[in-house]
Amino acid sequence: MAYPTNYRYTREHEWISLTGSIGTIGITDYAQNSLGDIVYVDLPKVGDAVTANATFGSVESVKAVSDLYSPVTGTVTAINEELKTSPDKINETPHDTWIIKVEVADPAQVNSLMDAAAYEAFIAVEQ
Amino acid sequence: MATNTENSGPRTLGKVRPHQTQNEALVFEKSSPGKRAYKMPPLDVPAVDAAALLGAAHRDTPGLLPELSEIEIIRHFTRLSTWNYAIDLGMYPLGSCTMKYNPRVNEAVARIEGLAEAHPYRPDSLAQGVLEIIELLQRCLIEITGMDAITLQPAAGAHGELTGIMLVRAWHESQGNARRKVLIPDSAHGTNPATAAISGYTVENLKSNAEGGIDLEALAAQVDEETTALMLTNPSTIGVFESQIHKIADILHAKGALLYMDGANMNALVGKTRPGDFGVDVMHLNLHKTFSTPHGGGGPGSGPVACKAFLEPFLPIPVLARRTGIDGPGTRDSGTKGTGTTGQLCWNYDRPRSIGRVRAFYGNTGMFIRALAYILANGPDGLRQTTEDAVLNANYIRAKLEDLYELPYKTSSMHEVVFSDKRQAARGVKTGDIAKRLIDYGFHPYTVSFPMIVHGALMIEPTESESREELDLFIEAMRSIAREVEENPELVKTAPHSTRVSRLDEVRAARKPILRWRPSE
Amino acid sequence: MRYLPKSPAERLAMLAEVGAASIDDLFEVIPAEYRLTHDLDVPRQQAESEIVDYFRAAGEKNATGYASFLGAGAYRHYRPVVIDSLVQRGEFLTSYTPYQAEITQGTLQAIFEFQTMIAELTGMDVANASMYDGSTGAAEAVMMAVRVTGRHKAVVAKTVHPEYREVLATYAKHQGLHTTLVGYDSKTGRIDLAALEAAVTDETAAVLVQSPDFFGVIEDIPAIAEIAHAKGALLVVSIAEAVSLGVVRPPVEADIVNMEAQSFGVALSYGGPFCGVIAAKEKFVRQMPGRLVGQTVDSTGYRGFVLTLATREQHIRREKATSNICTNQALVALMATIFLTVYGKEGIRELAEHNLAKAHYAAETLAAQPGAKLLFTGAPRFHEFVLQTEEAPAAWSQRLLDAKIVGGIELSRWYPELGNATLWCATEVITREQIDAAAKVLAAAPVEA
């Protein structure tokens with residue numbers, strides 16, 4: 001699966017797409033593939049603060065739990081309610097299934113994250 | 001009478017053949033109003049009007065329990081039982097589980113009326129029998145572990161770990177500093193870090209060295225004045241004896257930290273060495289592993305905690321004691337003050353430095369009886385021989401499979417051997433698949449994917465209870481599967497093929513949990 | 001040695017195949033300074049008949065043939081014989097935890113049935129596969145409330161079993177949990193509602209009560225729930241006598257129910273192994289400790305059962321687990337499942353009514369003796385009651401023992417304010433004869449000069 005070039009990526013396999021000061025966040029195809037079938041997503045609440053590199057929730061498969069790390073600092077403006085009943089959407093379309101939206105404190109923070117090419121190089125090494 | 005000579009008579013058919021098992025629905029689905037399996041004797045006291053007596057507390061709608069006759073109940077559970085694998089059927093190669101024979105005499109003596117019917121609050125004068133059993137078991141376990149004191153209160157291994165870490169904490173607090181962190185090797189069982197966390201400590205991981213053991217230099221660098229203890233399993237979860245353990249103890253003790261030993265692998269040590277002799281300060285035992293009490297499908301267990309003398313004052317209350325006089329020291333008796341004869345066993349609650357209780361009453365007495373029966377059946381020579389056979393069996397398996405399965409560590413194995421699925425993974429077959437295929441050969445799988453320091457681990461512990469025949473059948477099965485991986489990997493990847501249910505959809509069970517039966521609308 | 005299936009010749013042959021000259025080679029890795037050179041100092045190997053004799057003698061020293069009025073968290077009920085016939089089947093007794101679902105459907109289906117029956121009886125949505133016992137279950141239930149609410153205080157009734165409270169205190173110490181004790185009403189023996197209201201704040205994670213409580217009195221659960229929920233605290237109801245649910249309304253207003261199921265066919269066995277279980281409202285299931293069995297299908301569509309929601313547990317979460325618990329109490333839970341199937345919907349009610357009747361008669365008969373008084377008459381009870389006597393319990397309890405009767409337990413060790421009070425329990429196994437005999441002994445108190 002191709003990695004959208006307009007997204008930015010973290011070393012913890014999250015992606016972020018910025019529109020103005022709103023960042024939309026999900027996990028990458030690499031992450032969903034490593035996890036296996038996702039059974040549950042532990043989401044924060046709207047209004048919660050998130051900090052770059054700190055956890056904001058977790059994703060569970062049958063045999064593993066993975067923490068979700070925020071790529072940016074800000075405040076949660078929306079959570080994807082659909083994930084409460086259909087967490088498998090992340091497996092099917094990881095780059096089109098968002099997890100949370102964040103009002104980013106400093107939009108420029110996103111520039112320090114990996115672009116698609118850098119991320120692809122990064123996961124090639126991981127494998 | 002399996003042999004492996006050419007002219008051994010009729011060809012052996014291996015361990016298993018398929019046969020029919022009965023289907024059986026849920027009890028609720030077989031229920032019918034009016035069916036009865038019980039009968040109460042007539043009341044010899046006046047009947048009461050429950051609704052009147054209880055008023056608003058009365059239950060109007062009964063719980064939806066089934067209504068069946070006795071034969072249906074016997075058939076239901078008997079049929080269910082035939083769907084289970086069990087030690088009584090064959091070997092469990094599960095690593096660190098020590099699935100040994102559960103002696104039947106254990107079951108018989110645990111059911112002796114005076115013991116099985118004893119209420120925990122009966123007066124001590126009426127409980128001397130069971131108290132003597134507890135005293136003898138304590139003495140034997142102290143001797144086996146080389147420690148100074150023991151509590152039998154914890155209900156299981158994990159519970160014992162918690163108790164042990166609480167003892168450690170209490171001691172540190174008495175020294176003026178509770179300290180903050182517990183060191184745990186990355187090869188450890190999951191209960192270890194979970195225990196440390198719920199005891200209020202942070203967990204610091206200790207990376208294993210190239211041999212899968214503790215790197216002494218790394219340890220020395222990591223231990224500081226904020227380290228409470230190192231939680232170690234010995235032999236480790238890869239079945240290797242930590243031969244530097246006394247040096248590990250010294251490093252810890254030099255910085256005022258303690259050595260906690262997870263006793264899950266005691267089956268490699270009993271009668272050959274004692275943790276108390278190589279520097280362990282506190283440890284737990286698993287009566288349901290080393291001491292033959294039955295697993296029963298997942299419990300009950302029992303997790304005694306043994307410790308050195310300096311930790312003894314902190315043991316959970318109550319502690320077994322003997323009265324030294326008519327009005328013995330600090331004894332709380334359940335109602336017969338003044339009748340205590342000198343030397344009578346009793347429970348001592350006067351323990352000001354105790355960590356408190358970790359459970360109500362005294363522990364899983366039923367399991368104490370079984371464990372003591374096991375110790376008595378073995379004696380000193382039997383216990384040692386048991387350990388020797390356990391280690392011999394594991395090494396035999398290792399020798400017979402190491403040409404086909406990858407050995408990640410070359411260090412010698414004790415009572416368990418860990419392979420990795422590296423060679424099979426090259427053909428797309430993982431340890432979990434091999435484990436499922438083993439079921440078709442009539443065995444329970446070994447421990448899959450643990451310890452985490454070995455990629456694709458196969459953790460095998462045969463125990464001393466396996467005959468050479470059974471071991472040879474196991475080896476034959478594993479060798480056959482290795483061939484299948486080369487010739488027909490799909491067969492292995494889609495196993496098991498012979499069970500009454502095939503691989504179950506765990507994803508569905510976790511996404512949409514159905515945790516109880518409900519009547520259909 | 002009877003349990004070791006190898007002949008000396010086989011050992012030698014195997015050693016050869018392993019490439020070891022002797023068994024000592026395989027233990028060389030143990031440094032000589034702590035390798036044992038002599039066998040352990042434990043009793044010599046015993047024949048099976050000697051083992052049986054030893055335990056039989058211990059059993060006799062344990063004095064059988066006494067009528068017992070002891071309760072207080074451990075109850076003597078009749079155990080149908082099918083229980084032991086079934087649980088001693090090797091496929092149940094010697095089976096492992098059902099991690100390999102395809103070959104443990106027997107255990108898994110039985111646990112699923114257990115979970116269903118417990119949920120039905122307690123009025124909760126979901127129950128787990130069992131906990132160690134009621135006392136550790138109570139601590140785990142409170143910890144669960146802490147996780148759910150994110151708060152760190154608990155309010156605990158003084159009428160919760162004293163040893164359960166001690167266990168909670170031990171756990172609480174290490175979790176930074178602060179507990180407040182609330183007393184009881186001297187007329188009813190129930191929790192003091194006014195004091196409870198004053199103690200519960202918006203920092204309270206859990207209110208923990210027991211019903212029937214330690215004195216045998218049934219709590220007003222709806223009233224307690226209202227107080228707890230008004231401040232956003234969870235109500236945890238602990239049930240020490242499971243048979244009460246045959247006739248007492250289930251605590252449906254609770255958020256979490258912690259129950260000791262020993263009464264359901266598990267032998268007293270001097271205090272263990274017992275059978276705890278936690279049940280709760282559906283929305284809390286991911287915070288529940290312990291194993292859970294769920295229904296699913298296999299690849300051909302057949303119904304089957306598996307351990308599920310394992311991500312809560314220690315083997316996956318490790319230091320972030322909901323608890324460190326690994327074992328459940330599968331075999332004793334199976335005893336409970338069989339017990340409940342034998343009694344069934346009608347039987348559990350009839351059994352509970354028998355208990356109620358026996359205790360009612362015992363309370364009236366004993367309280368009618370000179371110098372004896374029934375406490376806490378202002379509220380309904382199940383099968384336990386508190387008797388206060390003019391004569392010190394130590395005196396008449398010895399007289400009772402001489403008559404081969406074990407009377408109620410002295411409460412002064414936990415509730416000194418109650419003076420000469422004792423807690424009595426009468427289950428369906430106690431006879432009218434034994435009650436009358438006890439009353440006679442009680443009545444024979446020496447006259448005060």
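Which residues in helix 11 of chain C meet which residues in helix 13 of chain C? In this predicted model, C:Tyr361, C:Ala362, C:Thr365 and C:Leu366 are the residues that helix 11 of chain C brings to the contact, and they meet C:Arg432, C:Ile435, C:Asp436, C:Ala438, C:Ala439 and C:Leu442 in helix 13 of chain C. Sorted by class, the residues of this contact comprise seven nonpolar, one polar and two charged. Helix 11 of chain C spans residues 330-367 and helix 13 of chain C spans residues 432-443, and their axes come within 9 Å and cross at roughly 20 degrees. Because angles under 35 degrees count as roughly parallel, helix 11 of chain C is described as roughly parallel to helix 13 of chain C. The crossing of helix 11 and helix 13 of chain C is right-handed.

As to confidence, the model scores ipTM 0.96 and pTM 0.94. For chain C, the average pLDDT is 94, and 96% of the residues score at least 70.

Chain C also contains an open sheet of seven strands, in the order 2-8-7-6-5-3-4, and the pairing in this sheet is mixed. Strand 2 (126-127) and strand 4 (178-182) of chain C stand at the edges, and each has a single partner strand, so one side of each is left without a neighbour in the sheet. Within the sheet, strand 3 (residues 153-157) and strand 5 (residues 204-210) of chain C run parallel and are joined by four bridges; C:Ala154 has C:Ala206, in strand 5 of chain C, as its bridge partner. Helix 9 of chain C, made of residues 221-230, lies across strand 5 and strand 6 (234-239) of chain C, and its direction runs at about 145 degrees to strand 6 of chain C.

An open sheet is likewise found in chain B, where seven strands follow the order 1-7-6-5-4-2-3 with mixed pairing. The edge positions are taken by strand 1 (149-151) and strand 3 (202-206) of chain B, each with a single partner strand, so one side of each is left without a neighbour in the sheet. From one strand to the next, the twist of this sheet averages 25 degrees. Strand 4 (residues 227-233) and strand 5 (residues 258-262) of chain B pair in the parallel sense over five bridges, and B:Thr233 stands opposite B:Asp262 in strand 5 of chain B. Helix 8 of chain B (residues 191-198) packs on the sheet, where it touches strand 2 (181-185), strand 3, strand 4 and strand 5 of chain B, and its direction makes about 175 degrees with that of strand 2 of chain B. Helix 10 of chain B (residues 245-254) lies across strand 4 and strand 5 of chain B and runs at about 140 degrees to strand 5 of chain B.

In chain A, strand 8 (residues 74-79) pairs with two strands that are described here. With strand 5 (residues 49-50) of chain A, strand 8 of chain A runs antiparallel, and two bridges join them; at this pairing A:Ala49 stands opposite A:Thr75 in strand 8 of chain A. With strand 9 (residues 100-104) of chain A, strand 8 of chain A pairs in the antiparallel sense over five bridges, and the bridge partner of A:Gly74 is A:Val104 in strand 9 of chain A.Turning to contacts between chains, 173 residues of chain B are in contact with 173 residues of chain C. Helix 11 of chain B (residues 365-401) gives the most to the side of chain B that touches chain C, with 24 residues, and that side as a whole divides into 93 nonpolar, 48 polar and 32 charged residues. Chain B is also in contact with chain A, through four residues that meet five residues of chain A; the side of chain B that touches chain A has two nonpolar, no polar and two charged residues.

Some details of the backbone remain. Most residues other than glycine have a negative phi, and most peptide bonds are trans. The peptide bond from B:Ala495 to B:Pro496, however, is cis, with omega near 5 degrees, and B:Pro496 lies in the loop between helix 15 (489-493) and helix 16 (506-511) of chain B. The peptide bond from C:Gly272 to C:Pro273 is cis as well, with omega near 5 degrees, and C:Pro273 is in the loop between strand 7 (256-260) and strand 8 (276-280) of chain C. B:Ser449, a residue other than glycine, has a positive phi near 60 degrees.

Key: Residues are numbered from 1 along each chain as its sequence is written. Chains are lettered from A and ligands numbered from 1 in the order in which they are written. This is a predicted model: local features need pLDDT of at least 70, side-chain atom pairs count only at pLDDT 80 or more; totals for chains, interfaces and linings use all residues. Axes are lines fitted to C-alpha atoms, for helices over the stretch in contact, and angles run from 0 to 180 degrees between N-to-C directions. Angles under 35 degrees count as roughly parallel, over 145 as roughly antiparallel, 65 to 115 as roughly perpendicular and the rest as oblique. A crossing is left-handed if the near helix is turned anticlockwise from the far one by less than a right angle, and right-handed if clockwise. Two residues are in contact if their C-beta atoms, placed from the backbone, lie within 7 Å. Ala, Val, Leu, Ile, Met, Phe, Trp, Tyr, Cys and Pro count as nonpolar, Asp, Glu, Lys and Arg as charged, and the others, Gly among them, as polar. pLDDT is the predictor's confidence in each residue, from 0 to 100. Two strands pair if DSSP finds at least two bridges between them.
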